Amino acid sequence: MLLFIFFIIYFLFVFVIRSILLKNKTGINPLTFNKTDDAHGFNGKVFTVITFMELVVVGIYAFKIEWYKYLLPFWYIENEILSIIGWGFLIISLIIVWIAQSHMANSWRIGIDEKNKTKLVTKGLFSISRNPIFLGIMLANIGLFLIIPNAFTLLIISLSTISINTQIRLEEDFLKLEFGNDYLKYSKKVRRWI
């Protein structure tokens, strides 16, 4: 039950509250994934599927433990130490993502915003990693796997890794066009991950 509550809080803080704050402040909807069949639109659909899978898996674990066996648990790596490490990853992830979103301020988006001009953010966590938000999300996915290791949490890590890396490359192409030499200098100075 605690894991389910944490994931609801995580989702509310990272997506809902942050989106409402930005929309109220700027009038801009930060959700920018389009409905087309290009790579950006497809990746938005994949992110939606991953989020839904996480909520279903955590919901089964919290409310229908008798169904948990259908998630193909890796019982041989279920232990208290890995679970504690997993919780640490979840908490660190929430902190990293919230701080990184704060550093992005009005430039934060979910996806690529081709309509509204933003600033290139290079300070704060973005001076250590070009993608601290994605890094935080990956930590959360690994943390979830360590707490409830099963075939579906492993699938979530796999899909997230592919989807996030695809999104990063799409965003990098956009940022090169949008900010030119400023982005190229920044990308030479700060690594993609850490």
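**Helices, loops and a pocket**

Colleague: Let's start with F13. What is its relative accessible area?
Modeller: F13 has a relative accessible area of 35%, so it counts as partly exposed. On this scale, buried is under 20%, exposed is over 50%, and partly exposed is in between, with a 1.4 Å probe and protein chains only.

Colleague: What sort of model is it, and how are residues numbered?
Modeller: It is a predicted model, so local features need pLDDT of at least 70 and side-chain atom pairs count only at pLDDT 80 or more, while totals for chains, interfaces and linings use all residues. Residues are numbered from 1 along each chain as its sequence is written, and side-chain values use heavy atoms, with hydrogens and water left out.

Colleague: Back to F13. Where is it, and which residues is it in contact with?
Modeller: F13 sits in helix α1, residues 2-26. A helix here is a DSSP run of H or I with at least four residues, numbered from the N terminus. Apart from neighbours within four places in sequence, F13 is in contact with R18, L94, W98 and Q101. Contact means heavy atoms within 4.5 Å.

Colleague: Next, α4. How much of it is buried?
Modeller: Of the 16 residues of α4, 14 are buried, so this helix is largely enclosed by the rest of the structure.

Colleague: What about α5, how far does it reach?
Modeller: α5 has 29 residues and covers 41 Å from its first C-alpha to its last, close to the expected 42 Å. Its buried residues, among them I156, S160, I164, Q167 and F179, pack against α2 (39-63), α4 (132-147) and α6 (181-189).

Colleague: What is at the two ends of α5?
Modeller: At the start, a side-chain oxygen of N150 comes within 2.8 Å of the backbone nitrogen of F152. After the helix comes G180, with a positive phi near 55 degrees.

Colleague: Which residues have a positive phi although they are not glycine?
Modeller: L72 is one, at about 55 degrees; A105 is another, at about 50 degrees. L72 is in the loop between α2 and α3 and counts as exposed, at 51% relative accessibility. A105 is in the loop between α3 and α4 and is partly exposed, at 41%.

Colleague: Changing topic, how much space is in the second largest pocket?
Modeller: About 330 Å³. A pocket is an open set of points on a 1 Å grid over the protein atoms alone, where a 1.4 Å probe fits, with protein on both sides within 12 Å along at least five of seven lines; lining residues have an atom within 4 Å of a point. Grid points are joined across faces, edges and corners, and the volume is the space filled by probe spheres set on them.

Colleague: What is the lining made of?
Modeller: It has 6 nonpolar, 5 polar and 5 charged residues. Charged means Asp, Glu, Lys and Arg; nonpolar means Ala, Val, Leu, Ile, Met, Phe, Trp, Tyr, Cys and Pro; the others, Gly among them, are polar. α5, residues 151-179, gives the most to this lining, with 3 residues.

Colleague: And T32, what does it touch?
Modeller: Beyond four places in sequence, T32 touches H40, R109, I110, G111, I112 and D113. T32 lies in the loop between α1 and α2 and counts as buried, at 15% relative accessibility.

Definitions and conventions
Expected span 1.5 Å × (residues − 1). Polar contact = N/O pair within 3.5 Å; in protein donor to acceptor, adjacent residues only side chain to side chain.
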